[in-house]
Amino acid sequence: MLTQIAIFLVAAIIAVPLSRRLGLGAVLGYLGAGMAIGPWGLKLVDDVDTILHVSEFGVILLLFVIGLELQPSRLWVLRKQVFGLGAAQVGITALLLGGIALAFGFTWQAALIAGVGLAMSSTAFVLQTLAERKELTTRHGRESFAILLFQDLAVIPLLAAIPFLAHALGKAGTAHGGGWLDALKAIAVIAALVVSSRFLIRPLFRGVASLGGREIFTATALAIVVGVTLLMEVAGLTASLGAFLAGMLLADSEYRHELEADIEPFKGLLMGLFFIAVGMSANLGLLAAQPLAVAAIVAGMVAIKFVVLVAIARAAGTAASSARKLGIALAQGGEFAFVLFATAAGAGIFTTQVSQLLVVAVTVSMLIAPLLFVLEDRVLAPRLDRRAERAFDTIAPQEGHVVVAGYGRVGQIVTRVLSLKGVPFVALEKDADQVDTVRRFGGKLYFGDATRLELLHAANLGGARLFVLAIDDVEDSVKCAALVRHHFPALPVIARARNRQHAHRLAELGVTRYYRETWHSSLEMALQSLLRLGFAQSEAAIAIARFRDHDLELLKRQQAVHSDEKKLMQTTREASA
């Protein structure tokens, strides 16, 4: 066991950084590591089924953490995406892929299982990849999550229906009454879980938090996940659904963040092991024996899922680029297909050969999925997402006004106060999406780039009383400041400085009224910290004032040497002392 653990760790240490260095992401690194050490590679590990079974607990923990982040109120908000987009994706994709299976001589029962199984996507892969890319909160990230959630829910009735389908084929003697009993048992277990989450699990956490240590709290969290998983298996439901429900029922508890922090390390390690096991389980022998069949299934599945996803997303009003990214994210097969196909083969709906062929196709689709993201980033997005150059807005002529460049966090506050006092202003913002969003909320600003001299003239900067430089990007801010000081030297300027270095560059251009964006709030937080620690109001105020004067003096002294790193470090050490 220790030898196998060492092999897994070394394989991950080598493959994952290399894959990330090549821009392919961690998941492909794990899959490649699994293929390398598995029975079709170096044959360092051969007990693939056991490893895959153990590592599936990582998927369970992943869904538990997702459940913790998804409060029931948020699920209600997502109901249209879950039951609209999700149902459309599974239904249409299964219909098309199942129809193709029927055309190739499958029975309707086998075609149904094949269609729905191939319609599934990998919850583990998609959520892990979108999290790495920081895209979970984007439009396509939210829609991906909603569709994956529906897919997880859709697996349950299909698994329950397999005995009925086998009975219709004459492969099994399952009575119809058993199905109703199973359904009632499943409903009872879910109801018990809902009740126990409030009246048993939360009091348990409160007791452990007050009497046990940190490690006992972690053990309790893991024990609850394992217990719910076993309970779901008894009820004939998927363990992943149980973990998700358990997490969601604890989403509004006071221990949500602590639970998430405790589970996260286990989830990360087991997710990596899961992807290694998937790579190991790829039957490369079957792939070598029937390459054209596997390639045809993979290409057909990926193409059909991509087209269906893009079509339903566009029909739901999603922008073309987000719809395309949704299609890329969910085009691969999923781990639930392994369960469906294995169960169907065991019930006699599939032959073992067909089941293995479909499993290999799904595995290959998961292996190429990271490459689809690379294709999107390096080929599709640069070519398809180019926008036609939007013309800058025509600015109404004004006199004696204030010009505000940049309408982010700072610019918005400034213009709101100017509006409060009835001071006329012209706000410029070069982010077209920001302009459109603010206008939808009733904001007043113009689309224009304040680093362009013709825009400054169009805003009648020569007739303005004041220029407020609130641009977030440091380089754009400095460029704009240089233009204003050169062409409008008499105009007063108040500038937002992102940090000390930005402040030095503005001062070099003659902008002396600059304000570091976190300066005043940081001083206020420091003052409140001293007060909360029991210092007297007068003593705390004196300390803050002394620090403020000291730091402002240091900023002025460092202005002369800010381009010399050695002298800058020396003055900083002296000031600290």
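In this predicted model, Phe 275 touches Val 27, Tyr 30, Leu 31, Ala 124, Phe 125 and Gln 128, leaving aside residues up to four places away in sequence; a contact here means heavy atoms within 4.5 Å. Phe 275 is also, together with Ile 113, Phe 205 and Phe 341, one of the residues with the most contacts inside the largest nonpolar core, which has 124 residues. Such a core is a set of buried Ala, Val, Leu, Ile, Met, Phe, Trp, Tyr and Cys residues joined through side-chain atoms within 4.5 Å, where buried stands for under 20% relative accessible area with a 1.4 Å probe, counting protein chains only. Helix α8 (residues 139-168) supplies the largest share of this core, 13 residues. Another core, of 29 residues, lies apart from it and includes Ala 459, Leu 483, Val 484 and Ala 495.

Turning to the whole chain, 46% of its 577 residues are buried. The chain holds 25 helices and six strands, taken as DSSP runs of H or I over at least four residues and of E over at least two, respectively. Of the contacts between residues at least 6 apart in sequence, 72% join residues at least 24 apart. The C-alpha atoms fill a box of roughly 90 × 60 × 50 Å along the principal axes.

Residues are numbered from 1 along each chain as its sequence is written, and side-chain values use heavy atoms, without hydrogens and water. Local features need pLDDT of at least 70 and side-chain atom pairs count only at pLDDT 80 or more, while totals for chains, interfaces and linings use all residues.

Key. Buried < 20%, exposed > 50% of the residue type's maximum accessible area, 1.4 Å probe, protein only.
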